[in-house]
Amino acid sequence: MSEAVVVTGPSHPGGEEIVHAANPAAGRLLPGLVVGTPVADAGHDALTDAVVRARPGFETEVAGRVLAARAVRLDDDGAVVDALTCWYLRDVTEERRGSASLVRAQARAQFLAEAGRALHGVLHLDRTLRTAASLAAGTLAPTVLVLLADGSDVVRWARADRDGARPHTGEMTRADLRATPRLHEALTGRAPVDPWVGVELAELPVWHEPPTDRVVAVPVPGTVVAGVLVLVGPDLDDDVLPLGEEYAVRVGTALSAAALYREQAHLGHVLQASLEPPPLPDETSGGLLVGSAYRPARESLRVGGDFYEVLPRTAAGRTPFLLGDVCGKGIEAAVLSGRVRQSLHALRLVEQDPATLLRLLNVALLDAADLDAPGAAVPMPRFATMVLGDAESLPDGGSRLRLATGGHPPPYVLHADGRVEEVDVAGSLVGALRDAEIGHTEIDLAPGETCLLYSDGVTEARGGPGGREFYGEERLEAALAGCVGAPPQVVCDRVLQLLSDWLGGRDHDDVALLALQAPRGRHV
Amino acid sequence: MFPGGSGVIAPEPDFAVRIEKEQVPDVGPRVLVVVTGDVDYTHFGELETALEHEIGRSTGPLDLVVDLTAVPYCDSCGMRVLLGASQQVAAGGGVFGLRGVHGQVARALKLTGLDRVLGA
């Protein structure tokens, strides 16, 4: 195609600007040009303006085509005033459209990348929902509404308007969606979003004023959530739909992650609560004084492995107690801890001797592990360590303890004179070995004497001046020796306090303490 | 908080598992798993993966020794991994052993009765 050329200039020196020449290509691009007539008569304002003001070029749109023109002055004789100007015209419609779409594509990619980053850092369902609405408001559409169903009966929503104010949020129940069956269907995540859902949306109590502008709804897909992204604006073009869909995918992923995180944290809390040591019985008649302390490891999803309990006095006049620790952490440890305690509750119905109980528990746990992994040649070992026993009042006011242990640190006895003695009892861990050795012994506590059971989280707590030293048996013994005359709860509180000082704020494993004390005689 | 203390917190040693092969005279090849650092809740998985890998790829009875010389601390998660590995090696007709056990690790293994099982 030959280049379009128009030559303009004064009709005579100082005269009106007229078209001196125009080739056929120019005539096609700028219809109405007539050689010898004034430029202004052709009716192309951009050309007229450029000629009159002697601009170096101009761009204009004629009949849907974008034209670019550059001027070349034919002033080689230096007579600037009377010079002719040659305008070279080019159709740049495709170029302009291409670069505009490139700019749009870059802006979209940037928006989606930034949105992805902003959404994924949140991990909180309601905050993610609010962020999803406010990020898109003003970019995708003036008003953005996000509706979210998380499998419960509640549908949450967040709406953001361009003004940048904090998004509005609210909740509806599924029953509230009876009048909006298409939305209800879309929020199950099983059906595509019906294009007519926009009409229903106007009825929902989620607007400041029901929208009169165009409403576009796209699905928010998610693994554990389903939602709908609603864009509202007066001049939404069809281009917004693909971008809205891509944005909705990112929103869905972020909401799913937040929902899963919430579920996991909730599960952890429920399990932790179920594992919280039961309240200790009040002073059992004529019997034992008890105190305890428990400090689970800090991480919220790290469900503790330590457990202890003191049961009400049996018909035989004995008060059963135990303190133990299951291997591992998290959900698996919680399940094992539950199994240990429930097995013991059942076994106690037929057996009271601590050593026999522990041997039976060992067999029960091994059998259960085999049942859990019938295909595996060697099931992954799961075990617990514990001290288990019972206490019986003696005629002199003291207490006789029967103790059995499997793989657990031996208890201490704090004598009335401040001596601290380790109980000489040892055994192998429970639930891992068919030939487990269960150690057992009997000790008598004189009135006022205390027996302390503890988990290895105490002696293996790392701290001190260097931050890496174990608290260790010696410091525990010294701490206990300083508790002569204290009631059992004070003993536990004091030891835990000294341990906290040692830790100096550092993280630690589960810590459990159980103190058993023979009551002081009335005349002592 | 600790009068007289230096206040300097010693850096936690990094955790590492290194696999070495030894030729034991008159016995045969031995896989030596050298561990450095605490075998605790945060790190036991790395040791478990390494041991499972070595056990899984052995075609015959395995002579496996875990060197704990550079391990200051082993919690119940770590003991579980060691016990599981020893049971798997034994099930395959092999021999499992520990080397360099000391300090807290030695106390914990003795306390739990695992010292006699794991050949510490």
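**Note on the two-chain model**

1. Ala21(A) lies in strand β2 (residues 17-22) of chain A. Helices (H or I, at least four residues) and strands (E, at least two) are DSSP runs, numbered from the N terminus. Ala21(A) counts as partly exposed because it has 15 C-beta neighbours inside 10 Å. On this scale, a residue with 20 or more other C-beta atoms within 10 Å of its own is buried, one with 12 or fewer is exposed, and one in between is partly exposed; C-beta atoms are placed from the backbone. Not counting residues up to four places away in sequence, Ala21(A) touches Val7(A) and Val35(A). Contact requires C-beta atoms, placed from the backbone, to lie within 7 Å. Thr8(A) is 13 residues from Ala21(A) in sequence and 7.1 Å from it in space, C-alpha to C-alpha.

2. Basis. This is a predicted model: local features need pLDDT of at least 70 and side-chain atom pairs count only at pLDDT 80 or more, while totals for chains, interfaces and linings use all residues. Residues are numbered from 1 along each chain as its sequence is written, and chains are lettered from A and ligands numbered from 1 in the order in which they are written.

3. Chain A. It has 12 helices and 22 strands. Of its 524 residues, 42% are buried. Among contacts with a separation of 6 or more, 59% involve residues 24 or more positions apart.

4. Chain B. Four helices and four strands make up its elements. From the N terminus, the order is β-β-α-β-α-β-α-α. Of its 120 residues, 37% are buried. For contacts between residues at least 6 apart in sequence, 66% join residues at least 24 apart.

5. Helix α11 (residues 472-481) of chain A. Its buried residues are Leu476(A), Ala479(A) and Leu480(A). They sit on the same side of α11(A), because they cover an arc of only 95° around the axis. The arc is taken from the directions from the helix axis to the C-beta atoms. Exposed Glu474(A) and Ala478(A) are on the face turned away from the buried side. The cover over the buried residues includes β16 (412-414), β19 (450-454) and α12 (488-503) of chain A.

6. Cores. A nonpolar core is a set of buried Ala, Val, Leu, Ile, Met, Phe, Trp, Tyr and Cys residues joined through C-beta atoms within 7 Å. The largest has 105 residues, and Leu480(A) is among those with the most contacts inside it, as are Val430(A) and Leu452(A). α2(B) supplies the largest share of this core, seven residues. A second, separate core of 50 residues includes Leu135(A) and Leu183(A). Leaving aside neighbours within four places in sequence, Leu480(A) contacts Tyr412(A), Leu414(A), Val420(A), Leu452(A) and Val495(A).

7. Helix pair in chain B. Helix α1 (residues 44-57) and α2(B) pack at about 5°, with axes 9 Å apart. Axes are lines fitted to C-alpha atoms, for helices over the stretch in contact, and angles run from 0 to 180 degrees between N-to-C directions. The two helices are therefore roughly parallel, a label for angles under 35 degrees. Residues of α1(B) in this contact include Phe44(B) and Leu47(B); those of α2(B) include Val81(B) and Ala85(B).

8. Interface. The contact takes 23 residues from chain B and 27 residues from chain A. On the chain B side, α2 (76-91) and α3 (103-112) each give two or more residues. α2(B) gives the most, with nine residues.

Definitions and conventions
Two residues are in contact if their C-beta atoms, placed from the backbone, lie within 7 Å. Angles under 35 degrees count as roughly parallel, over 145 as roughly antiparallel, 65 to 115 as roughly perpendicular and the rest as oblique.
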